[in-house]
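Here are some notes to read alongside the model. Have a look at the chain before going through the points.

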Amino acid sequence: MNQHPTLEHITSLIQEGEFFKLKEALKNFEPAEVVELLEEEEEREQLIIFRLLPLQLATEVFEYLNLDIQKHFLANLSQDKMADILNEMSPDDRTALLEFLPDDLVRELIQTLSEPERKITLELLGYPEYSVGRLMTPDYIAIREHWTVQQVLEYIRRHGGQSETLSVLYVTDERGKLIDDIRIREFLLAGPEVRVSELLDRRFVSLNTMQDQEEAIDEFRRNDRVALPVINSEGILFGIVTIDDILDIREEEDTEDIQKLGGSEALDEPYLATSIWSMVKKRAGWLVILLLGEMLTTSAMHHYEDDLQRAAVLGLFIPLIISAGGNAGSQATSLIIRAMSLGEFTVSDWWMILRRELLSGLLLGLILGVVGSLRIVLWAKYIDPGYFGPYWSLIAVTVGFSLLGIVLWGALAGAMLPMLLKRLGLDPATSSAPFVATLVDVTGLIIYFTVATMVLRGTLL
């Protein structure tokens with residue numbers, strides 16, 4: 001078996017001007033391999049390699065490239081070359097590219113499309129951003145219910161090459177209204193004279209053109225499909241959405257949620273493609289908000305300044321106390337946001353979630369309270385007797401009960417805040433882990449000093 005040329009060999013062919021040999025070698029590459037090759041080369045070599053690719057391979061490769069390289073090719077390749085590629089691209093991938101380009105360039109590129117492709121692209125771009133209409137492709141196989149299985153298979157042989165997927169066929173009437181969807185295996189297992197109408201059960205799952213893309217993700221997950229039909233309000237079949245587009249949207253949504261959970265705004269571009277100034281703008285806002293929140297911690301400590309002066313030993317445990325509550329809150333909010341994004345429960349289940357976190361928080365608080373108290377007891381009795389003074393046992397009780405209360409509060413706050421934001425129509429991911437931790441820090445100090453006042457009154461306080 002012949003192996004593909006190495007990156008060094010490809011580069012040497014370019015430098016030596018052996019373009020015929022390079023063109024022949026590239027014909028045997030898979031699209032993903034060409035993409036990997038292009039990403040390793042400099043811009044000049046990228047253009048040379050791409051110009052030598054056959055049209056079909058160039059189109060497939062272009063669809064896989066990241067946006068920056070696509071823009072580079074659009075700016076540096078001939079208009080005819082890019083027109084051919086844009087015409088060959090699947091409508092949904094072409095629309096995804098055009099959404100990120102300047103309006104004047106979009107208008108120019110649309111004019112290079114063939115009339116049918118221009119019409120399709122304009123229709124797709126006319127749907128609201130983040131709607132299913134922006135994802136759908138009109139490349140599917142539609143059949144009639146009076147056809148026989150043999151007629152269907154012959155129709156697939158003639159027209160199936162243009163379809164995005166052949167795993168599911170769509171039955172429509174004369175007006176284009178969707179009647180049913182049928183898996184291809186049903187036709188492969190049926191006799192040639194069986195009519196399509198005999199295979200119908202008239203039960204199908206569909207998406208609406210104006211539906212939100214996140215709802216489409218849920219439909220795919222619930223129904224385990226590789227493609228779903230897209231209809232308008234009258235039931236007319238407009239196109240299909242395939243699983244590859246849904247996986248891309250899922251990745252974008254997950255990336256956005258993870259970035260928000262980290263305490264920053266979601267990036268519009270990949271990390272390395274984002275400018276330093278843009279990165280600072282995305283992160284500075286949340287950092288300022290969190291800093292202002294932590295200032296409340298300073299205010300809380302100032303309120304208990306007299307207690308700290310009388311019992312300086314209490315200050316030793318402040319980092320331990322507030323970090324335990326913040327960690328518990330961060331855990332809870334991360335678990336709840338992820339579960340909500342997977343559709344494991346809805347806002348209406350808040351009481352069940354509250355009860356679960358109440359029990360979990362109590363058990364976790366009890367565990368941490370025992371560990372914190374034992375640390376003080378072991379230190380005071382065996383490691384450094386006298387370090388905590390004569391009231392070490394009361395300090396151990398204070399720390400133990402404080403941890404119990406703060407961890408419980410952190411778990412409840414971390415779980416309920418995302419659900420409250422969802423109920424208000426906001427993105428639950430904005431209740432990031434740092435935000436919850438800051439909230440619990442402030443309230444944790446209040447809990448700590450309240451417990452200390454109750455336990456140590458008449459002794460240290």
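Is Leu-374 buried, partly exposed or exposed? Leu-374 comes out as partly exposed, at 46% relative accessible area; buried means under 20%, exposed over 50%, and partly exposed in between (1.4 Å probe, protein chains only).

1. Ground rules. This is a predicted model, so to speak of local features pLDDT must be at least 70, and side-chain atom pairs count only at pLDDT 80 or more, while totals for chains, interfaces and linings use all residues. Residues are numbered from 1 along each chain as its sequence is written, and side-chain values use heavy atoms, with hydrogens and water left out.

2. In the model, residues 284-304 are 95% helix and 0% strand, with end C-alpha atoms 31 Å apart. For residues 391-421 the figures are 97% helix, 0% strand and 44 Å.

3. A buried serine. Ser-402, in helix α19 (residues 392-423), is buried at 0% relative accessible area. Beyond its neighbours within four places in sequence, Ser-402 is in contact (heavy atoms within 4.5 Å) with Ile-321, Ile-447, Tyr-448 and Val-451.

4. Domains. The assignment, automatic or from a database, gives domain 1 (7-127), domain 2 (142-259) and domain 3 (276-456). The C-alpha centres of domain 2 and domain 3 are 50 Å apart, yet six residues of domain 2 are in contact with six residues of domain 3.

5. Salt bridges. The whole structure has eight, counting a side-chain nitrogen of Lys or Arg within 4 Å of a carboxyl oxygen of Asp or Glu. Arg-202 and Glu-145 pair at 3.1 Å, N to O, linking two loops 57 residues apart. Arg-175 and Glu-234 pair at 3.9 Å, so this bridge ties together parts 59 residues apart in sequence; both partners are exposed. Asp-201 and Arg-203 form another, with the closest N and O atoms 3.9 Å apart.

Definitions and conventions
Helices (H or I, at least four residues) and strands (E, at least two) are DSSP runs, numbered from the N terminus.
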